[in-house]
Amino acid sequence: MLAAQQTKGPFVRSLQILVVDDDDADALMISEALESGDTRASVDRVVDGREALDYLRREGAYPQANRPDLILLDLNMPRMDGRETLAAIKTDDRLKAIPVVILTTSGAAPDIVASYQHRANAYVTKPFGLDDFESTVRTINRFYREVATLPGSEQA
């Protein structure tokens with residue numbers, strides 16, 4: 001009931017989402033799902049953990065990066081994978097309050113356990129069908145936009 005009330009009026013807001021995924025097709029599907037619909041999310045994308053940390057710390061090529069409200073993080077990436085990235089985010093006092101949802105093809109129990117041990121906020125296995133994939137991404141967006149209370153920009 002409360003969530004339904006929050007979807008009306010000034011309570012609905014657009015999220016700033018950082019997608020960390022090296023797969024161009026998956027990143028495109030995520031962006032399309034988030035940028036369509038009633039309340040569009042603002043989506044930025046980086047391709048690996050090193051780039052994600054530069055973005056989040058506003059270093060290198062990202063001095064003007066927006067602090068995301070939510071991070072969608074793949075596990076299997078080159079250079080710095082999602083496991084290392086999650087650990088780095090959740091041990092950095094400036095970043096650890098940002099919710100991180102693992103969105104990956106791996107359904108392996110060790111990956112799930114390790115992700116939660118490193119303080120992932122949720123673990124979601126990417127569905128294979130396009131409709132199911134987009135529906136899952138929209139559900140994540142809707143939950144963090146309409147139901148969850150997120151830390152404000154004063155945490156930046």
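Visitor: How many helices and strands does the secondary structure of the protein come to?

Guide: Six helices and five strands. Both are DSSP runs, numbered from the N terminus: helices are H or I with at least four residues, strands are E with at least two. Along the sequence they follow the pattern α-β-α-β-α-β-α-β-α-β-α. This is a predicted model, where local features need pLDDT of at least 70, side-chain atom pairs count only at pLDDT 80 or more, and totals for chains, interfaces and linings use all residues. Residues are numbered from 1 along each chain as its sequence is written, and side-chain values use heavy atoms, with hydrogens and water left out.

Visitor: What makes Asp48 and Arg79 a salt bridge?

Guide: The definition asks for a side-chain nitrogen of Lys or Arg within 4 Å of a carboxyl oxygen of Asp or Glu. In this pair the closest N and O atoms are 2.6 Å apart, so the pair qualifies. The two residues sit in distant parts of the chain, 31 residues apart. Asp48 lies in the loop between strand S2 (42–46) and helix H3 (49–57). Arg79 lies in the loop between strand S3 (70–73) and helix H4 (82–90).

Visitor: Is Asp48 called buried or exposed, and why?

Guide: Buried means under 20% relative accessible area, exposed over 50%, and partly exposed in between (1.4 Å probe, protein chains only). Asp48 has 4%, so Asp48 is buried.

Visitor: Which residues does Arg83 pair with in salt bridges?

Guide: One partner is Asp81, with the closest N and O atoms 3.3 Å apart. Another is Asp111, at 3.2 Å. Arg83 in helix H4 and Asp111 in helix H5 (residues 109–117) are 28 residues apart, and the pair links distant parts of the chain. Arg83 has a relative accessible area of 26%, so Arg83 is partly exposed.

Visitor: How do you know that Asp111 is buried?

Guide: Its relative accessibility is 15%, so Asp111 counts as buried. A polar contact of 3.2 Å also joins the side chains of Asp111 and Arg83. That term means a pair of N or O atoms within 3.5 Å; within protein, one must be able to donate a hydrogen and the other to accept it, and residues adjacent in sequence count only if both atoms are side-chain atoms.

Visitor: Which residues is Asp111 in contact with, leaving aside neighbours within four places in sequence?

Guide: Leu75, Arg83, Ser106 and Tyr123. Contact means heavy atoms within 4.5 Å.

Visitor: What makes Ala52 buried?

Guide: Ala52 has 0% relative accessibility, so Ala52 counts as buried. Ala52 is found in helix H3. Not counting residues up to four places away in sequence, Ala52 touches Val20, Val46 and Thr85. Ala52 and Val20 are 32 residues apart in sequence and 6.6 Å apart in space, C-alpha to C-alpha.

Visitor: How does the reach of helix H6 compare with what is expected?

Guide: Helix H6 (residues 130–147) has 18 residues and reaches 25 Å from its first C-alpha to its last. The expected span is 1.5 Å times one less than the number of residues. Buried residues in H6 include Phe133, Val137, Ile140 and Tyr144.
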